[in-house]
Amino acid sequence: MFYNRKVALHTLGCKLNFSETSAIARTLVDEGYQKVDFGEVADYYIINTCSVTQNADKETRQIVKTAKRTNPEAKVVVVGCYAQLKPEEIAGINGVNLVLGANEKFKIHTYLEQLETDIAAKVISGAIDDVGFYADAYSHGERTRSFLKVQDGCDYFCSFCTIPMARGKSRSNSIEKTLEVARKVAATGVKEVVLTGVNIGDFGKTTDGLERTEEDFFALIRALEPLEAVNRWRISSIEPNLLTNDIIDFVAQSPTFTPHFHIPLQSGSDKILKLMRRKYLTKLYRERVENIKAVMPHACIGVDVIVGFPGETEEQFLETYNFINSLDVSYLHVFTYSERANTRALNIEPIVSQAVRKERNKMLRILSEKKKRHFYEQHLGTERTVLFEAENDNGIMYGFTDNYIKVAVPYREDWVNTLRTIYLFEFSTFGYVKGEAAAAMSLST
Ligand code: SF4
């Protein structure tokens, strides 16, 4: 045990990374380390990296530099997807002492102890095919919301994606074990739990990813719903081919699963979807959106889309634009395609120029704003339940409705981490809706 040794952690990337950073921090605290903020002087700085982030290399360098500036004597450890994909490259960054792969990051405390005597940067990273275990994780720190990891890895191999190489096979715990972790999360007092993973709809493979069990994602959400301490469950991103009508109908009647879906589309052109090696075509995607809206007209639907994939002609981009425009969706996450080593997309031609990628990205971001405004405005004059967060932004506090509308009200300390029924009355161009306590205000703590 290393009592009084201070450790600071920083996360890049997705919600899954956030939940895993929290799990790593908990292990270290259990081992006697003291957790401090990343801006403070610490003995160890741990950076959990992402391979999807553009300029992962530049960003990691920058954070290492910041850590070393705060404490030149500190040891810097880099873990996560980028560390698994490019361990030697990271070890070459000035100031890095240790690089841990996907398998090793959850045993970080054993390596920190060894670091005491080591001087040169060291890489400890097994082959990704050997990642034969599943590590539980959930984020904790924010009082209102927790990200609960329910699945890891992916077996899909979309042609643009490096995640299967960074995280290995699709695998998960049993429902029983996932429930055990969910109970721990519920005991922290959070009101909302977000189910996260790499490909969560693929829940139900064994912990080594070698077999499919009898369990699936639909069974998982049915098992989680009765957990009383959780007021809201939110499903993070789920692949359209795995978002079955059973899941949609279940959410529609559930008092605690929120009417919010985030469904990756990536392209509205069937030809590009095939080149991307996605597992559906636009017809299926449209059906999913229509099925959701038929049973939950108030549901929020988010869409991931990639612009500038190799071979994407002007015509195909417009197909994507028009396809999304024709769907009743609520917002977009727009990604600009960027080349990744060892992916099949590198062999597809012609490449789209950076200027065109930028222009297409801009067009879809404007479309996203339009969709979001339309969705928000549809709810003006109605009442919805809002879960308020802790931040006091110059006298304003924010929260999200069950269907993911950002709401602003004057700050009240007693509203932090509570669910309130709020009347939505005005759209703000700052990207939220102004609200006030509904006449017959209800409270749930
Ligand atoms: S589904 Fe495709 S994009 Fe998503 S993690 Fe798997 S390979 Fe990557």
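Reply: Domain bounds are taken from an automatic or database domain assignment. In this predicted model, local features require a pLDDT of at least 70, side-chain atom pairs count only at pLDDT 80 or more, and totals for chains, interfaces and linings use all residues. Residues are numbered from 1 along each chain as its sequence is written. The C-alpha centres of domain 3 and domain 4 are 30 Å apart. To their contact, domain 3 contributes six residues and domain 4 five residues, where two residues are in contact if their C-beta atoms, placed from the backbone, lie within 7 Å.

Me: Which helix gives the largest share of the side of domain 3 that touches domain 4?

Reply: Helices are DSSP runs of H or I with at least four residues, strands are runs of E with at least two, and both are numbered from the N terminus. Here helix α13 (residues 354–378) supplies that largest share, three residues.

Me: How is the packing of two helices described?

Reply: One gives the angle between their axes and the distance between the axes. Axes are lines fitted to C-alpha atoms, for helices over the stretch in contact, and angles run from 0 to 180 degrees between N-to-C directions. Helix α12 (residues 314–326) packs with α13 at an angle of about 5°, and their axes are 11 Å apart. Therefore α12 is roughly parallel to α13; angles under 35 degrees count as roughly parallel, over 145 as roughly antiparallel, 65 to 115 as roughly perpendicular and the rest as oblique. From α12, Phe 317, Tyr 321, Ile 324 and Asn 325 meet Arg 360, Met 363, Leu 364 and Leu 367 of α13.

Me: Which residues surround the ligand?

Reply: A residue is near a molecule or strand if its C-beta atom, placed from the backbone, lies within 6 Å of it. The residues around the ligand include Cys 154, Tyr 156, Phe 157, Cys 158 and Cys 161. Phe 157 has a positive phi of about 55°, although it is not a glycine, and is found in the loop between β7 (145–149) and α6 (163–167).

Me: Where is there a cis peptide bond?

Reply: Such a bond joins Glu 349 and Pro 350, with omega about -5°. Pro 350 is found in the loop between β12 (331–336) and α13.
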